[in-house]
Amino acid sequence: MLQSATCLLVSALLLSQEAPVPAGPPLPPVPTTIGDGRRTIDRLPANLLRGTLGMFTRDGRSSALIGGMATAVGSFFDTQVENQIADPGNRFAQSIEDIAGGLPSGLAVAGVFTASRLVGNQHFRAVGYDLLDASMVNGFWTTALKKAVKRPRPDGTDKLSFPSLHASNAFALATVVERHYGWKAGLPMYAMASTVAVSRVRGNRHHLSDVLAGATLGYAVGRSVVRVNNLPFDSPRAPQVSAAPIWGPRTRGLEMRLTF
C-alpha cells in the first residue's frame, strides 16, 4: 500500500507535466549575466504577487485540474491507506517531519537565497530567488486553503489537514529545481518530496488526499513562479493588476482589474 501511495503521487506529477500550455513563443532563457533586472530584492513584492496570480493562468489551471482529479480519486482510498501504513509513533516519519518542517525548510531556503546573492553565477542566483519566491507563494496558498477547508487531521489534533504544507512546500521547491536544471536534478528532488508526502500519511498527520493535493499545489506554484519570473515585467503574458478610483455623486470605491 505504501507503493500505491507513492505511485499516485508520481502519476499526478507526470500527468501535470503533460498538461497543455498556451501556444506562443518559448519562454526567454535565464540570463547568464549578473543582475537580470527581474529577480531583484526591490521587485520581490511584485514578483510574489505575479507568482500568486500566475496560478490562474491556463498552465496553472491545467495542473490544478489534473492534480485535483488525482486528489479526488485518492480520497476514496484515504481510510484504506491509513489502515495499512499509518503509524503515529514511527521514528522515520517523525524525523522527516522535523527535517522538512516549516522552520528547518525556511532556514534552508533562506540559506540558499543568501548564498546565491553572494556568488557570481547568475543561474544559481535565479534558482535561489525562485526558491524563496515559491516558498512564500506556496505558504500563502496552502494556509489559505487550510483555513477555508478546515478538514480535521486523522489524529484529531486540529482542523488544518487539507492540504499538506509539508507536501506542498517539498514539491514547490522540487519543481523550481526541475524547471531550472531539468529532470536529472528534478527526479531526485521529486523522490525526496514524495518521501516527505508519504511520511505525513505514515505519521497519521494527513490523509492520502491531503498530500496529493499538497503535491499538486506545490507543483503548480513552482511552475508558476519560474514561468512568471522568466518574463519581463512588460510582457503581455505576465499577469497584470491595475487599480482605478471610482468617484461619482453617489459612488465611492476602487476598481481592481486583473489581466492574464
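Modeller: The mean pLDDT of the protein is 82, and 75% of its residues reach 70 or more. pLDDT is the predictor's confidence in each residue, from 0 to 100. This is a predicted model, so local features need pLDDT of at least 70 and side-chain atom pairs count only at pLDDT 80 or more, while totals for chains, interfaces and linings use all residues. Residues are numbered from 1 along each chain as its sequence is written, and side-chain values use heavy atoms, with hydrogens and water left out.

Biologist: Where does pLDDT stay under 50?

Modeller: Residues 1–8 are one such stretch, and the model has 10 contacts beyond four places in sequence for them. Residues 30–34 are another, with 13 contacts beyond four places in sequence. Contact means heavy atoms within 4.5 Å.

Biologist: How many helices and strands are there?

Modeller: The protein has 10 helices and 2 strands. From the N terminus the order is α-α-α-α-α-α-α-α-α-α-β-β. Helices (H or I, at least four residues) and strands (E, at least two) are DSSP runs, numbered from the N terminus.

Biologist: What share of the 260 residues is buried?

Modeller: Buried residues make up 46%. Buried means under 20% relative accessible area, exposed over 50%, and partly exposed in between, with a 1.4 Å probe and protein chains only.

Biologist: And how much of the contact set comes from residues 24 or more positions apart?

Modeller: They account for 74% of the contacts with a separation of 6 or more.

Biologist: Let's look at helix pairs. At what angle do α6 and α7 pack?

Modeller: The angle between α6 and helix α7 (residues 122–149) is about 150°, and their axes are 8 Å apart. The two are therefore roughly antiparallel. Angles under 35 degrees count as roughly parallel, over 145 as roughly antiparallel, 65 to 115 as roughly perpendicular and the rest as oblique. Axes are lines fitted to C-alpha atoms, for helices over the stretch in contact, and angles run from 0 to 180 degrees between N-to-C directions.

Biologist: Is the α6 and α7 crossing left-handed or right-handed?

Modeller: α6 passes α7 in a left-handed crossing. Left-handed means the near helix is turned anticlockwise from the far one by less than a right angle, and right-handed means clockwise.

Biologist: Which residues meet there?

Modeller: On the α6 side they include Val109, Val112, Phe113 and Arg117. Among their partners in α7 are Phe124, Arg125, Tyr129 and Leu132.

Biologist: Arginine 117, then. Where is it, and what does it touch?

Modeller: Arginine 117 is in helix α6 (residues 102–118). It touches Arg39, Ile41, Arg125 and Tyr129, leaving out residues up to four places away in sequence. Threonine 40 is 77 residues from arginine 117 in sequence, yet their C-alpha atoms are 9.9 Å apart.

Biologist: What about threonine 143?

Modeller: Threonine 143 lies in helix α7. It is partly exposed, at 38% relative accessible area. Its C-alpha is 8.5 Å from that of leucine 160, which is 17 residues away in sequence.

Biologist: On to α9 and α10. How do they pack?

Modeller: Helix α9 (residues 183–202) and α10 pack at about 150°, with axes 9 Å apart. That makes α9 roughly antiparallel to α10. Their crossing is right-handed. Tyr190, Ala197, Arg200 and Val201 in α9 meet Leu208, Val211 and Tyr219 in α10.

Biologist: Is asparagine 204, in the loop between them, buried or exposed?

Modeller: Asparagine 204 is buried, at 15% relative accessible area. Its phi is positive, about 65°, although it is not a glycine.

Biologist: Last one. How many residues of α10 are buried?

Modeller: 22 of its 22 residues are buried. α10 covers residues 208–229 and reaches 32 Å from its first C-alpha to its last, close to the 32 Å expected at 1.5 Å a residue. That expected span is 1.5 Å times one less than the number of residues.
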